[in-house]
Amino acid sequence: MGKTRNVFLVWLVWPLITLGVYHLVWYFKVNREAHSLDERIEVNPWLSVLAIALGWVLIVPPFVSVYRTGRRIGQMQRSAGTEPTCNGWIGLALVFVFHLTPLYYQSELNRIWDQYEYVAEGERITLAA
């Protein structure tokens, strides 16, 4: 299961305090939560973080990773039985607008976790699809 997080802390405060390290930790957690929620979602969280971390050298892979993470969040929403509103293209575009991608993705994830508010950690849940 995932965790509801404050979108402004994820987007601005924690990355500033940790000099950007929190963003990598958050990105790992988001991708790990995707596979934890629905095992049909294929993702390697370490590879996703590596693509983001080395983005200043690799240039293309971080953008692909950001887009695919948005698609995974959409799959998570579908699996949870909600309307998939997360769009990888929007997430990718927001990279260039004050790096708003974490704010957007976390707000979309919070929609999923809010519906499982009373589920205990480690408890099995029934997926919609």
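Mentor: Let's start with Arg 111, which is partly exposed at a relative accessible area of 36% (buried means under 20%, exposed over 50%, and partly exposed in between, using a 1.4 Å probe and protein chains only). Keep in mind that this is a predicted model, where local features need pLDDT of at least 70 and side-chain atom pairs count only at pLDDT 80 or more, while totals for chains, interfaces and linings use all residues. Residues are numbered from 1 along each chain as its sequence is written, and side-chain values use heavy atoms, with hydrogens and water left out.

The partner of Arg 111 is Glu 108, and their side chains form a salt bridge with N and O 3.2 Å apart (a side-chain nitrogen of Lys or Arg within 4 Å of a carboxyl oxygen of Asp or Glu). Side chains of opposite charge can pair when their charged atoms come close. Glu 108 is buried, at 9% relative accessibility. Both residues belong to helix α7, residues 101-115, and sit 3 residues apart, about one turn of the helix. (Helices are DSSP runs of H or I with at least four residues, numbered from the N terminus.)

How many salt bridges does the structure hold? There are 3, so let's visit the others.

Arg 5 pairs with Glu 33, with 2.8 Å from N to O. Arg 5 lies in the segment before α1 (7-17) and Glu 33 in helix α2 (residues 21-37), so this pair ties together parts that are 28 residues apart in sequence.

The remaining pair is Arg 40 with Asp 38, whose closest N and O atoms are 2.9 Å apart.

Before you go, come back to the α7 stretch, residues 101-115, and look across to Val 66 in helix α5. Val 66 is buried, at 7% relative accessible area. Beyond its neighbours within four places in sequence, Val 66 has contacts (heavy atoms within 4.5 Å) that include Thr 101 and Tyr 105. The C-alpha atoms of Val 66 and Thr 101 are 8.2 Å apart, although 35 residues separate the two along the chain.

Note on methods: Helix = DSSP H or I, 4+ residues; strand = E, 2+ residues; numbered from the N terminus.
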